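Please prepare a short briefing on the structure shown below. Keep it plain, and group the points by topic.

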Amino acid sequence: MKAKITANKNFIISEIDKRIYGSFIEHIGRAVYNGIYEPEHSTADDAGFRGDVIELVKKLNVPIVRYPGGNFVSGYNWEDGTGDKAKRPQKQDLAWFAIETNEVGIDEFQEWAKRADTEVMMAVNLGTRGVEDAKNCIEYCNADTDTYYANLRRKNGFEKPFGIKVWCLGNEMDGRWQIGAKTPQEYARLATETAKVMKMVDPSIELVACGSSVPYQKTFGEWELTLLEHAYDYIDYVSLHSYYNNKANDTPSFLARAEEMDLFIKGTAAICDAIKAKKHHTKTVNLSFDEWNVWKSIGTTSAPEKWTKAPHFLEDVYNFEDALLVGCLLMTLQNNCDRVKMACLAQLVNVIAPIMTENGGSAWMQTIFYPFMYASNYGRGKTLRTIVECDNYRTKNNKEYPFLYSSVIDNTDKGELIVFAANRSLDEDMELELSAENYENCKLIEHIQLYSDDLTACNDKDCQRVVPDEVPLAEDGTILLKKHSWNMLRLKY
Ligand code: AHR
């Protein structure tokens, strides 16, 4: 099969905000405890953070990490995770029916973020709490005044404010599973007042309001319209969440879910713009796709044994086809970088995550680690609008999709064109022609491929079966994308 991508230097979608390569650490399962934090581990640092995990997080080059939830945040008291560890209360986590020891809180997490070369995206509890606690939390984290909560932070050993720039106004407040779920009207008012007050404390912050927690949520549309009608002046982003899986055992449809993510993004952006027009506003509200991933065990609400600490829970093992979809979803985010300014792969360690750990043992990379690592490290610059010519395939529900899914990024700092390309054909290799218009002497210098014969191949602590390899460059310039493969092509100009 033949395919062609035409890109033109002048046809730019937008500059990529590096924060689209963000991720997420929630207090859930073994994400925090025995994930990022395990004081007894042989690689633990003076603060109890696992060094082997930090090393892998650095390889992913994650610029922002959402914290502390997720559903967890909707029943959380941020104060419980501050100050003297010996005095911190142990509590029920009603989101996941586990015991939360509070050994790690914002005091520790902001320190972990520094050590992992990342930034914190902090969520406040708008489930069981509201304006008052959000106000206190942001004073604790960001204020330099001689006032109670800023002084409490100083007393706890942090003279300088944490300077957390991005804040989420609750989590999935449209979801009936959420502690303190809200109607569109209830959330719109609460988010507006909380946003207003948080920006009084620190006008330099950016605020993300909850959009729909799944694209097919009944309230989709109405939720966003009501929110934006009330909160437009105060918020900067609307969030989107979406998880995908191949429970139907239909790989062609599964791989086409990248297009579903695209529709969700474009639909939500259109709703933001409708309210912008209605209000004659000059500001554009952008998007934060702050939870996305393949989630095979979706619907599991607690570990088999309730009320335990750091249970093994939602530890999905990803296979090769999951990595293919993750690679495609990343292209969707890159191609929508004019509106999606932040995104978080949910999650980062152990719970539906690219990085896995063994208590007291090793840390390793799941299959999905690799497309994320290449996208995050090389997908920096400006995304170009392209023309893609190739054959289509038809899915069981009679929709047509191109076999080739791709994104093209111009990294002007390095003088490199980066092409991410997935061949979604399950049977045929693809010969790819690249036409880079208005680039002089554009030359292919590297071809990285993620491929396995077996779509179900997984990695585990003993064996990395799915790993990228470097494809030798053909003398005549032919580029071959193997059947069901994900690729990164690097061209120098
Ligand atoms: O990432 C796991 C959970 O998925 C989060 O806690 C929640 O926000 C979403 O439903």
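How many salt bridges does a search of the whole structure find? The search finds 39 salt bridges. The model is predicted.

**Salt bridges**
- Lysine 4 and glutamate 433 form a salt bridge, with their closest N and O atoms 3.8 Å apart.
- This pair links distant parts of the chain, 429 residues apart: lysine 4 is in strand β1 and glutamate 433 is in strand β19.
- Lysine 4 is partly exposed at 24% relative accessibility, and glutamate 433 is partly exposed at 45%.
- Aspartate 133 and arginine 129 meet in a salt bridge at 3.0 Å, N to O.
- Aspartate 133 counts as buried at 17% relative accessibility, and arginine 129 is buried at 18%.
- Lysine 266 and aspartate 262 meet in a salt bridge at 2.7 Å, N to O.
- These two residues, lysine 266 and aspartate 262, are about one helical turn apart because they lie four residues apart in helix α8.

**Glutamate 26**
- Glutamate 26 sits in the loop between β2 and α1.
- Glutamate 26 is buried but has no salt bridge; the nearest side chain of opposite charge, that of arginine 66, is 6.5 Å away.
- The side chain of glutamate 26 reaches the backbone nitrogen of phenylalanine 72 at 2.9 Å.

**The ligand**
- The residues that surround the ligand include Glu26, Asn71 and Glu291.
- A polar side-chain atom of glutamate 26 is 2.6 Å from an oxygen atom of the ligand.
- For glutamate 291, a polar side-chain atom is 2.7 Å from an oxygen atom of the ligand.
- The ligand taken alone exposes 280 Å², and the protein buries 95% of that.

Key. Residues numbered from 1 in each chain as written. Predicted model: local features only at pLDDT ≥ 70, side-chain atom pairs only at ≥ 80, totals over all residues. Heavy atoms only, no water. Buried < 20%, exposed > 50% of the residue type's maximum accessible area, 1.4 Å probe, protein only. Lys, Arg positive; Asp, Glu negative; His and termini not counted. Salt bridge = Lys/Arg side-chain N within 4 Å of Asp/Glu carboxyl O. Polar contact = N/O pair within 3.5 Å; in protein donor to acceptor, adjacent residues only side chain to side chain. Near = heavy atom within 4 Å. Areas by Shrake-Rupley, 256 points an atom, 1.4 Å probe, with all protein chains shown as cover.
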